[in-house]
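Subject: Structure handover, salt bridges

Hi,

Here is the structure I promised to pass on. Please open it first, then read my notes below.

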Amino acid sequence: MLYIVSKRFRLESLLLIDQQKYFETLIISLIYTNMFTQKSTLLHVWACLLLLGVSSCRKQGDGTLDKANSDTQLMFTIAEQTGEPGSNMMKLKASSSSSAMQVQPESQEEYKEFHFIDDGAFRVTTSIVNEPSTLSANDPLETNKLDARMSGPQKASSRSLLARNIKYRVVLYDRSTTPSTFVSTTLGTAGSPLYINVEKGKNYDWAVFSFNDENDPGDMQDVVNTGSRDLLHAKGTTGVIPGVSGDRKLYTVPIHVQLQHKLANVSVQVTAKNYPARITGISGILGRNSYFFRNKLDIKTGNFVDQHTHIAMSSTMAFSSVSGETDRVADYYTSSSSPISNFFIQLNTLSLRTPSNDIRTLSSPVQYRWNNISPVAGQRTIAKINIQPVQDISGDRFRILSVGSAHHSLDPYSNYSGSWHALHSDKNFGPTGTYPTTNLNWSINYTPNPVTAYSSDLSSYKMIFVAVGGAPARREDAQKLIDYVQQGGTLIWFTATPLHAFDKIVWEHFAGQGTTLPVFTTDGSKLSQHDVLNGVFGDARGKTFGNYAAGGLGMSDFTKPVDVLAEGIPVRPATSSAVVWKARDYNFFYFATNGMQKYAQNAAEIAAGVAPFLLTSRPDYVPTIGPWGKQQDVSNSVLLMNVVAQTIDRVMSGRK
């Protein structure tokens, strides 16, 4: 059984010995596999049962098999396989080339530079990303933390190292001579079985190579010429084929193989995912057409045998569309690991379509340079261009109202106001912040008095924060807040006084009459997988919401459509207790604890579970996910700043 395994795919073959003609057939099946769907144990059991069934037929002298195929060939294909090879696979005889450098499985981004084009209308961040080549070029080049900012459902790509219909070659060499001599080269297709004749009692060198596309890689016997295509290779030996001619026995010889990328992948990625926008048109050229090299690969050994020479290629870049059309990628491959100095490209045209169907284009060509491209075999180096708008949040363009206790609100004079610190950090906002804005001149109106807060027109505010002590004191004010949300406003509600008469009028309008208030007791509640938790400041999905204090009144038995974002541990086990929820059709966010955006002043407060709004130290104040109290991944700050960024997106696109 020949297995060629990447993290996602398995190439299997079954070596069978003919009982009538006294020659053997090596059956190879390249498997298209998703590594996260089934349990490998079940598949191996299935395979063994099939083998036993066929063996039983042969012992009984089944004439059907003899007539259908006198060579007595057996083949089975495992369509999907999960996990890494089982322990029995560790005993296999094959070896694989070790010349390709091993790389870390994580992506690492570095050397960020900011550029502003079209008079500051766009901010372009250029950077270098290094990741393993096993992350396919068809995969998103970023984590999916930004997908939630795109309109409509965003599904992460499900790509693999090899796909169906990828062509590959298996080359056999007879080891009875020194050096081993060529026997055969056979074309295979991913997902289809391949038959190769071998002889009992012999030992073979084998090699597999592919350009990871649907073209025949060629019937070369000795060397393969590399170019600007992905080259995969593996080699090994079969060991002595069991049996002797005429023994009329059936044998299975498993072989384990790991495909390796022999070239370094250099990619240019242009992404508008953070805009958010889709790229509808793009063109560009390389600064030089001599950045990349080719060589000759010895098929048997897997080593380069010649000097690296420049690849003659057009400077026009061929971009492909990936990741829901928010990204465009131009891929190149090189055999040389020499650093590329002064690597630059020129974007000639670029056209973006925003979620509101507005078209944005470049007014003139622009150039971007990277001085630290260091190709590594088996690794992907991405020259990344991240395009974002620069939003103007000053004045009336993005007014915020904050009402309630100073410790829990956007009070500029309170050291505990986590949201205030985060909003005014140039690491988070401003021209060079995570979310680019023209400045940090937020228009925030803070007052502890709910009577004066709601006496004026609320329609000019883009966000309203209502903390403990900020619930409306009059029925008409409660209705004004309801109207504000229904007209498209975003309301962050964390009063922790749900039994207050006018407080209840507001939340009950979105939760529905009959909603119950079960008590919960926990300092942390597991967050759901809702897209609203995922954004430019990080991915809070599946993390923990920090409850301060560690208990209160949650909600259950909703009678209107809501999305529960986090549940606490109820006192009565048979009930549920929503600690964080959002009205499904409106931007009304309910938090059951009043201190959810309180910023810890020191490590002691974090350890004691006093203030769960985690930020890095001053003056950066970057939202972070980390330990707090008894919890390990509290993400209140990431969650809330994502909501702020999503609200700005919505407002600036005219949806509020």
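A salt bridge here is a side-chain nitrogen of Lys or Arg within 4 Å of a carboxyl oxygen of Asp or Glu. Side chains of opposite charge can pair when their charged atoms come close.

Some ground rules. This is a predicted model: local features need pLDDT of at least 70, side-chain atom pairs count only at pLDDT 80 or more, and totals for chains, interfaces and linings use all residues. Residues are numbered from 1 along each chain as its sequence is written, and side-chain values use heavy atoms, with hydrogens and water left out.

The count is 14 salt bridges. Three of them follow.

Arg175 pairs with Asp205, with the closest N and O atoms 2.8 Å apart. Arg175 sits in the loop between β6 (167–174) and β7 (181–189), and Asp205 in strand β9 (residues 203–210), so the pair ties together parts 30 residues apart in sequence. Strands are DSSP runs (E, at least two residues), numbered from the N terminus.

Next, accessibility. Buried means under 20% relative accessible area, exposed over 50%, and partly exposed in between (1.4 Å probe, protein chains only). Arg175 is partly exposed at 40%. Asp205 is buried at 11%.

Asp331 bridges to Arg380 at 3.7 Å. Asp331 lies in strand β20 (residues 327–334) and Arg380 in strand β24 (residues 379–389), so this pair joins parts 49 residues apart in sequence. Asp331 is partly exposed at 23%; Arg380 is buried at 0%.

Last, Glu476 meets Arg474 at 4.0 Å, N to O. Glu476 is partly exposed at 48%, and Arg474 is partly exposed at 29%.

Best wishes

Key:
Helix = DSSP H or I, 4+ residues; strand = E, 2+ residues; numbered from the N terminus.
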